[in-house]
Protein chains: 2
Amino acid sequence: MRTVSTLPELRAVRAGLPEPVGLVPTMGFLHEGHLSLVRMARAQCASVVVSIFVNPTQFGPSEDLAAYPRDLPRDLGLLESEGAHLVWMPSTQLMYPPGYQTWVTVEDITQRLEGAMRSGHFRGVATVVAKLFNAVQPQKAYFGQKDAQQVAVVRQIVADLNFPLEIEVCPTVREADGLAMSSRNAYLSPEERRAAVVLFRALNAAKAAFEAGDGDAGHLRQVMVDVINGEPLARLQYVSCADPANLEELEGPVTQALLSMAVKIGKTRLIDNLLIEAL
Amino acid sequence: MRTVSTLPELRAVRAGLPEPVGLVPTMGFLHEGHLSLVRMARAQCASVVVSIFVNPTQFGPSEDLAAYPRDLPRDLGLLESEGAHLVWMPSTQLMYPPGYQTWVTVEDITQRLEGAMRSGHFRGVATVVAKLFNAVQPQKAYFGQKDAQQVAVVRQIVADLNFPLEIEVCPTVREADGLAMSSRNAYLSPEERRAAVVLFRALNAAKAAFEAGDGDAGHLRQVMVDVINGEPLARLQYVSCADPANLEELEGPVTQALLSMAVKIGKTRLIDNLLIEAL
């Protein structure tokens, strides 16, 4: 496994990689969710490139950039074990040098859900994803379904800007009790960790209601709200029952939907989602 | 010479082109300026791709999109003669399908000069250039010095977004009397055509003053203003004596500058520029 930091090094090593090349973009502090992306990339591509970059432009001023967990030696050990071929770890200085001034913005689908609560977040995501695609020039790029809106935004960028690659989405990987894996789970105290399963419980309660015949979008949102409100350590930020394609909130009877939510457990903000579909 | 319209066709033909591939992006109605770009690309690259696309998103609502001159059969004949290998002519529908919502914006250097007068122009330019780069995947892309600010914007995009290609800039090609070649020259009446040389005269007057020892940015701007105001058919939009790198307006003594201007001759808006540098 090679590790490179500068763009010329990356381009030189990239030029020698057998294609197709699969890119797994990460912010490091890897968990099983990331590793499932690496494994899918290994299965589908001749070469696997993993980027590790905690992207400052997708954090808001009051968010957790400085506190975001990092453990590079452990990350590199995991990636070596999984058989990644190349790890790109650019510095912030390289990615955003003085005078940096170009941004990629996606208009409609970034206005809702995470975008509505995290101003500028998706501008940072869209911009860094465009930079990573241009730097690595993969044939495929791998993202987790856990960040469902991010997946929708990345798909939109690829289609709109004609990036010559395919997006592959891997299912959310969960802990034994159902909590979606996230680097931010490291922030949780033991008590909060126990409470955090409430997101998955709420999503499953709505899914069960749907499967039992209640297909009303408003009802499904209310089911999730009620479960979250039943957990004293949880503070709801939003629940959504939306069109999976454009993330527009649905009303009335639904046959297919993305159920999603953001919930604060103590000071830690967690998100999760589940796709539901009539058989 | 192959001509293609759809993205799958483009990708298929592109995959078989010998590299390096040079891209010459145009809006058609080709003149000697465009052809000089094709010739430079031929000299430097194994394959030359020319795109012809009148990009609606870089025209303002009151600008000349509908009237913009077109002559595709003539353009294709010229490109065939020049030895271009592939012409890509995407439809507006292909480039901006329903639901299109992704934009590339460059902040600082688009605020001045053309950007200040043509709101949204450089967002359209930056976006279509990113799309063309991703669609064609050239190793080099060719632009004319006549659109000096466009060159600065494209260079910024390539650096900021890590596009894996080099920008090549060709000198402005001029008519015998010095008028910079432009597809928009076709709008000029014979009388306006004679008056239009005033831009080049004004630039040269400032250059002569500079070479005669007057290096004050304000003086040089005034020299240009005076020449333009001496032409009854001309209406000045701006003159500039700016830092060539970031296009910031200079004050006091200068050793290197981009002299530029926009002037309306009747209803036709023309731009031109000249680089000056102390020996």
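Predicted model: local features only at pLDDT ≥ 70, side-chain atom pairs only at ≥ 80, totals over all residues.
Ten bridges link strand 9 (residues 256-265) of chain B to strand 10 of chain B in the antiparallel sense. Within chain B, Ile265(B) stands opposite Thr268(B), a residue of strand 10.

## Chain A as a whole

Chain A contains ten helices and ten strands. The radius of gyration of chain A is 19 Å, which agrees with the value near 19 Å that a compact globule of 279 residues would have. Along the principal axes, the C-alpha atoms of chain A fill a box of roughly 55 × 40 × 40 Å. Of the 279 residues in chain A, 44% are buried. Among the contacts in chain A with a separation of 6 or more, 71% are between residues 24 or more positions apart.

## How the two chains meet

The contact between the chains involves 23 residues of chain B and 23 residues of chain A. On the side of chain B that touches chain A, at least two residues each come from helix 1 (7-15), strand 5 (102-106), helix 6 (121-136) and helix 7 (148-161) of chain B. Which element of chain B gives the most to this side? Strand 5 of chain B does, with five residues. By class, the side of chain B that touches chain A holds eleven nonpolar, seven polar and five charged residues.

Strand 5 also pairs across the two chains. Strand 5 (residues 102-106) of chain A and strand 5 of chain B run antiparallel and are joined by five bridges. In this pairing, Trp103(A) stands opposite Thr105(B) of strand 5 of chain B.

## Backbone details in both chains

| Feature | Residues | Value |
|---|---|---|
| Cis peptide bond | Glu19(A) and Pro20(A) | omega about 0° |
| Cis peptide bond | Glu19(B) to Pro20(B) | omega near 0° |
| Positive phi, not a glycine | Asn162(A) | phi about 60° |
| Positive phi, not a glycine | Asn162(B) | phi near 60° |

Pro20(A) sits in the loop between helix 1 (7-15) and strand 2 (21-26) of chain A. In chain B, Pro20(B) lies in the loop between helix 1 and strand 2 (21-26).

Asn162(A) belongs to the loop between helix 7 (148-160) and strand 7 (166-170) of chain A. Asn162(B) is placed in the loop between helix 7 and strand 7 (166-170) of chain B. Is Asn162(A) buried or exposed? Asn162(A) is buried, because 21 other C-beta atoms lie within 10 Å, and the cut-off for a buried residue is 20 or more. Asn162(B) is buried too, with 21 other C-beta atoms within 10 Å.

## A residue of helix 3

Leu76(B) is part of helix 3 (residues 72-82) of chain B. Leu76(B) counts as partly exposed because it has 19 C-beta neighbours inside 10 Å. Leaving aside residues up to four places away in sequence, Leu76(B) touches Thr3(B) and Val87(B). Leu76(B) and Val87(B) are eleven residues apart along the chain, and their C-alpha atoms are separated by 8.0 Å.

Note on methods:
Residues numbered from 1 in each chain as written. Chains lettered and ligands numbered in written order. Pairing = 2+ DSSP bridges. Helix = DSSP H or I, 4+ residues; strand = E, 2+ residues; numbered from the N terminus. Rg over C-alpha atoms; globule rule 2.2 N^0.38 Å. Buried ≥ 20, exposed ≤ 12 C-beta atoms within 10 Å, placed from the backbone. Contact = placed C-beta atoms within 7 Å. Nonpolar A, V, L, I, M, F, W, Y, C, P; charged D, E, K, R; others polar.
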